[in-house]
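I opened a notebook on this protein and wrote down each thing as I looked it up. The entries follow in the order I made them.

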Amino acid sequence: MSKRAAQNHKASAIPKGSRATGRVTIIDVAAEAGVSPMTVSRALKTPALVQEQSRERIMAAIDKLGYVPNQAAATLASARSHVIAVLVPSLTNAVFIETLSGIRDYLAEAGYQFLIGETGYARDKEEQLISTYLAHAPAGFLLSSSEQHEILQSRPASRAIPAVRMFDLGRSNEDFSVGFSQTKAGYAVARHLAERGYKRPAFIAAQLDPRMMKRREGFRKGLQDAGIQSAVEVLLPLPTTVDMGAQLLRRVLDANPDCDAVFCCNDDLALGALFECQRRGIAVPGRMAIAGFNDLSWAACATPSITTVVTPRYDIGYKSARMLISQLRGEDIPKGRLDLGFELAVREST
């Protein structure tokens with residue numbers, strides 16, 4: 001066989017629909033099974049409408065050719081994908097990991113996949129991720145802040161795409177959101193410390209995202225209503241760590257040695273504050289009370305155990321995903337603003 005003839009023979013062995021890309025297409029499957037491409041499509045989407053013998057030939061052809069349905073093409077055809085875009089500030093913070101677990105579990109039940117974007121609390125990264133995901137036509141968005149929601153709403157391409165905001169609550173049922181009141185949570189901590197008789201509390205915080213500042217606002221209001229002067233505050237706009245909790249408490253005590261209680265904006269800082277008290281020989285709660293936020297798994301295991309705000313992180317993810325899919329299905333949503341509440345776990349540290 002001549003070289004040219006061999007090339008022609010090799011080309012003829014490649015299914016016609018596959019020559020351009022090397023990808024097996026629905027046309028190739030139809031030719032192999034001896035049916036129309038429409039019948040193949042129907043067998044994949046609604047197999048009950050295709051005769052059993054035809055279905056068997058189609059499945060045998062799919063196995064033989066290694067056909068994989070083109071999800072991108074299906075998305076273009078329907079103008080809707082089965083992928084949800086999810087934006088969270090951090091993939092190392094246990095708070096957001098538990099929320100993602102809730103999202104994963106509900107979307108798996110509903111037959112959806114999700115893309116995770118880590119924003120690092122940076123607005124430019126939020127804008128970049130939202131623009132990137134919009135280009136891939138996601139079915140909807142799950143967002144972790146009001147700022148992300150504002151960015152999404154400002155994009156013309158997002159007008160037909162549903163979204164649910166997590167953690168923060170919207171102003172009305174028309175602004176779909178699932179979470180709890182950060183302000184009320186901060187208020188509850190202040191009232192607890194006041195009821196325990198503490199007179200010179202402090203507030204320490206890092207990261208300083210809007211949720212953090214709402215906790216601060218509630219804490220201030222709770223102290224004011226209890227007749228206590230505004231708390232000593234030390235704020236640092238850097239990511240939180242356990243060591244930072246120790247540093248911030250040192251700043252508080254150096255400037256205000258009579259401080260007798262501290263509300264830490266999360267449990268990492270609370271643990272660092274506890275370690276610093278132990279290094280200095282400061283009795284907790286005898287001389288210093290410590291309260292945290294989020295109730296991470298180890299807060300109850302610390303010595304002494306740490307009083308903290310219990311937040312419904314898994315449920316926020318699960319129920320946000322459920323609310324979003326309900327929108328996509330056109331179902332009635334009785335409460336578009338779903339307040340899951342919080343609990344104050346009173347333990348040994350206060």
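Entry 1, terms and overview. I count a residue as buried when its relative accessible area is under 20%, as exposed when it is over 50%, and as partly exposed in between. The model is predicted. I looked up the totals and found 13 helices and twelve strands in the protein. Of its 350 residues, 47% count as buried. I also looked at contacts between residues at least 6 apart in sequence, and 69% of these join residues at least 24 apart.

I took up F96 and F167: their ring centres are 5.4 Å apart and their planes stand at 85 degrees, so I noted the pair as edge-to-face, the cut-off being over 60 degrees. Which parts does this pair tie together? F96 belongs to helix α6 (residues 94–110) and F167 to strand β4 (residues 163–167), so the pair joins parts that are 71 residues apart in sequence. Is F167 buried or exposed? F167 has a relative accessibility of 4%, so I put it down as buried. F96 is buried too, with a relative accessible area of 4%.

I then looked at F180 and F342, whose rings are 6.4 Å apart centre to centre with 55 degrees between the planes, a tilted pair. The two residues are 162 residues apart, and the pair links distant parts of the chain. I placed F180 in the loop between β5 (177–179) and α9 (182–195), and F342 in the loop between β11 (337–339) and β12 (343–345). F180 is buried at a relative accessible area of 3%, whereas F342 is partly exposed at 28%.

I found Y106, Y314 and Y318 linked into a cluster by ring pairs. I also noted R215 over the face of F293, at 3.8 Å from the ring centre.

I checked the length of α9: it has 14 residues and reaches 20 Å from its first C-alpha to its last, close to the 20 Å expected at 1.5 Å a residue. Its buried residues are Q182, A185, G186, V189, A190, H192, L193 and A194. What covers them includes β4, α10, β8 (261–264), β9, β10 (307–310) and β12. Just after α9, I saw that G197 has a positive phi of about 95 degrees.

I repeated the length check on α10 (residues 210–225): its 16 residues should span 22 Å at 1.5 Å a residue, and the end C-alpha atoms are 23 Å apart, which agrees. The buried residues in α10 are R211, M212, R215, R216, G218, F219, G222 and L223. Where do they sit around the axis? They cover an arc of only 165 degrees, so they lie on the same side of α10. At the start of the helix, a side-chain oxygen of D209 comes within 3.0 Å of the backbone nitrogen of R211. Just after α10, G227 has a positive phi of about 80 degrees.

N294 has a relative accessible area of 9%, so it is buried. Leaving out residues up to four places away in sequence, N294 touches V95, N266, D267, T308, V309, V310, T311 and R313.

Notes
Residues numbered from 1 in each chain as written. Predicted model: local features only at pLDDT ≥ 70, side-chain atom pairs only at ≥ 80, totals over all residues. Heavy atoms only, no water. Phe/Tyr/Trp six-rings, centres within 6.5 Å; stacked < 30°, edge-to-face > 60°. Helix = DSSP H or I, 4+ residues; strand = E, 2+ residues; numbered from the N terminus. Buried < 20%, exposed > 50% of the residue type's maximum accessible area, 1.4 Å probe, protein only. Lys NZ or Arg CZ within 6 Å of the ring centre and 35° of its normal. Expected span 1.5 Å × (residues − 1). Arc of directions from axis to C-beta. Polar contact = N/O pair within 3.5 Å; in protein donor to acceptor, adjacent residues only side chain to side chain. Contact = heavy atoms within 4.5 Å.
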